[in-house]
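Notebook open, model loaded. I'm jotting down what I look up as I go.

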Amino acid sequence: LPGQHTMARSFNICPHIDPVVMTRVPGVALDTLFLIVLQALAVILLGKFLHLFLRRYNQPSAVSQILAGVAVGGMGLRNAIVHVDVDDVEDMYGGYISAARVIYMFLVGLDLDLAALRNATRRCAALAYATVAASLLVAAIVSSGMYGSMMHSPVKTPELLAATLMLALTNTSSITVSRIAGELNLTVSENGRIVVGAAIITNLICVVGDGLLSSTTLAKEKTQDMYRGSPQIKKGFLALAVAGVAVWLVRPAVTRINQRNVGQHHVRTRDLVTMLLLIWSISSFQQVLGFDGMPTSLALGMAFPREGPAARSIADALAPPINGFVLPFYFATIGMRLDYNSMSGAIIVPGMLLTLLGLVGKAIGAAAASTYLDIPVSEALRYSVLLNVKGHVDTMNMKFAKSEGVWAEQALYAMIIGNLISTIIAGPAAAAVLHREKEAYRTRHQAVESLGAQQELRMLACAHNPHATPGILSLVELLVTVPQEQPAVPVLHFFEVPRERAARTPYHQRTRGGEDKGGPDAITQMNMVVDVFSRATGISFRQADVVSLGATRDAAVACRGAEDAHASLVLVPCYKEQRFDGKMACRLEERRKLNHDMLAAAPCTVGLLVDRPYRASGTSFQTPISVAPESGRTLVHPCSDRTVTHVIAAVFLGGPDDREAVSFASRLAEHPAIGLTVFRFVKRSTYDTVTSSTSRASAAAAGDDLDVSIQECDVDERFLWRFYENYAARELAMYVEKVVERPADVVETLEGMAGMFSLVVVGRGGRQPVELMAGLDRWEEAGSEIGPVAEILASNESLEMGSVLIMQQHTVPLTPPCQ
């Protein structure tokens, strides 16, 4: 009876079971729920076991989980517990798959490096449009030959078949590509970000196309939901309006929550629950209207503020269950949807054909776009394999194709086979891309000198405590001229766990941000500093907290973090610290060993900062310039009349480390709040008037070509001439030459910098001219880790001396020549 049917619906446990078999006692629903739980446990355990072997070959965990799903699906658990056919399988897993996509894509949007993607927007769009256009063309060509015989079933209209096949071959699983790229750390390189961005753009294009296709197909029908009798096209506008308002309001709403929880590591539980419920409700509302909620959840994640306790709370609450349960079962269901009793050549061959057609279309588009992207065709073909990953998107987004009579039930099985194949073969392609990216990073000269003025500088900042962190983060701010285009800067926070507390309670189980001897713990204090700089500068900082296990292990973690971030520069606090009375001392011997190990094993340039927070003439690099420049100080740029916040200097004696110091200082000179002066020390006995600043200026005015006078082998001279031409001649920096005769002249000049500059950038040394280093043995022995010049500056106990940055340029190991 109608009343009984309504009552049965109100008692269902699993809403995706056929209502015809529902009763007041939901026996079938309980069977199905038991089946899902049993399958989930089986695939998670089996997937972890398989991944122990496959990860040795850089295979992503998604491949292991799909193979685990295939194995569990072949056990016959589905038929042993409850018999369901292919339609019931789609209904049983469909709701879970939709929910998993919505939740995970929100995390993807929250984790996206928006500044880095903004730099690659045109390249992402070019790759996406090229592959989409090629796939559409291939689908349009083959659809005419498939009309009337789509898996032995008559097709309703050729136009509907062509449109459906276009979406099927064009679509890309943004979830699968994002998961593989994130797990293998491909997004740190520009090409990896291009692939992920192209996958997301392609998926969004196909989601919009799917919505338009289903809306026009179902527009004349009346639905049985809360908007009874309203056309589907009107619901589409309503869904867009709700999504737009939600994305517009998410930032001010989250900002208010952060303000209520300022100084905390996590927000209050009620605030966290409220945010999660609102995100889920807004994304689910799109699905209630009959549309995919993935674009809305992705947009909400991208608009969500990264700084503050709200983002940390949501990430910490969602990441463990999603990575541990939701995604493994999501990928496993791709294999579990197979029905081995129905497998035959009539299904497997079309499935392989669909995979091949999709791969052909993606390969043609990627190869065509390779010239614009400036990448080899072989690399573009590897990317096309990743962009051909389907996952669940075909069977989920185009279920209406079977109901509309586009193809038969066997075609759905063929599509599942194709999705399975396309996802599995993406593993080796991703491993090949990862190997090439690692090899390119290790063999490339990772130094500031090798980068152009407009090239992005990827950095890694290390910190031990909140007191020393502002100096490091201020240097990062000064290196960034356009914060909206700077890739996210990782901040490695090494903290120590008190032994007496670690013996009682594991550190991760203690309450963070609470009272701890009168104040917040080390992680919460670091959160406050990083959040302040992130809000003030607009730069995205990504804090990673690492338990300090000794200098050797900490150095290994920092070097591995630099490789993972593909960094060209690592900024580390120096072991020399300033006391309250202004004296410089080494407080911890472990810090000295950490500096030594970092300089010896770093895969890129290393900068050691000797910060002087108690400088008499004002704090040095303790406050973001964009918020609170040092008041009461009027500094004039050395080459112009404009006022600046900091006047800095760079010391050049010769060698790669000094060239790196001047290159670093030159990047700082691009900032409008910085005035730079470069001092070059020259021995009087070897002084050449061609290298003097007056000779350079007169020759430049006369239009002479000084490159003829400079020998090709003299790297230092060519470097300084380029610096003079690009900076000194344009009045962006001042170039000064100091002629010295004895070691005392060098020491006197360096100590005379006290009170003149807030930062002095020097090279570590060891590869400088011998004639300039003669007589500085005492300083060289005392500062074996930082060099004699840096030791003279860093040991100066005057409260007028500014901070010192010691640079060591990365050296690419030379491979033996081929015999």
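I started with Ala133, which sits in helix H7, residues 121-146. This is a predicted model, so everything here is computed from it.

Next, the whole protein. I counted 32 helices and 14 strands. Of its 819 residues, 54% count as buried. I then took contacts between residues at least 6 apart in sequence, and 80% of them join residues at least 24 apart.

Then I went looking for the nonpolar cores. The largest has 83 residues, and Val43, Phe106, Leu127, Met275, Phe304, Ile314 and Phe331 have the most contacts inside it. Which helix gives the most to this core? That's H14, residues 309-336, with 13 residues. Another core lies apart from it, with 54 residues, including Val647, Leu653, Leu750 and Leu776.

Setting aside neighbours within four places in sequence, I find Ile314 in contact with Phe106, Leu110, Phe304 and a group made up of Leu272, Met275, Leu276 and Ile279.

That group sent me to helix H12, residues 269-288. H12 has 20 residues and reaches 28 Å from first C-alpha to last, close to the 28 Å expected at 1.5 Å a residue. Its buried residues are Asp271, Leu272, Met275, Ile279, Ser283, Ser284 and Gln286. A reminder to myself: an α-helix has 3.6 residues a turn, so residues three or four places apart point the same way. After H12 comes Gly290, with a positive phi near 100 degrees.

Last entry: cavities. I find five of 30 Å³ or more. Which helices each supply at least two residues of its lining? They are H9 (174-183), H10 (190-218), H16 (377-387) and H20 (426-443). The lining divides into 11 nonpolar residues, one polar and no charged. Among the lining residues I noted Val177, Ile180, Gly192, Val195, Tyr383, Leu386, Ala426 and Val433.

Notes
Residues are numbered from 1 along each chain as its sequence is written. This is a predicted model: local features need pLDDT of at least 70, side-chain atom pairs count only at pLDDT 80 or more; totals for chains, interfaces and linings use all residues. Side-chain values use heavy atoms; hydrogens and water are left out. On a 1 Å grid over the protein atoms alone, a cavity is a set of points where a 1.4 Å probe fits but cannot get out, and a pocket is an open set with protein on both sides within 12 Å along at least five of seven lines; lining residues have an atom within 4 Å of a point. Grid points are joined across faces, edges and corners, and a volume is the space filled by probe spheres set on the points. Helices (H or I, at least four residues) and strands (E, at least two) are DSSP runs, numbered from the N terminus. Ala, Val, Leu, Ile, Met, Phe, Trp, Tyr, Cys and Pro count as nonpolar, Asp, Glu, Lys and Arg as charged, and the others, Gly among them, as polar. A nonpolar core is a set of buried Ala, Val, Leu, Ile, Met, Phe, Trp, Tyr and Cys residues joined through side-chain atoms within 4.5 Å. Buried means under 20% relative accessible area, exposed over 50%, partly exposed in between (1.4 Å probe, protein chains only). Contact means heavy atoms within 4.5 Å. The expected span of a helix is 1.5 Å times one less than its number of residues.
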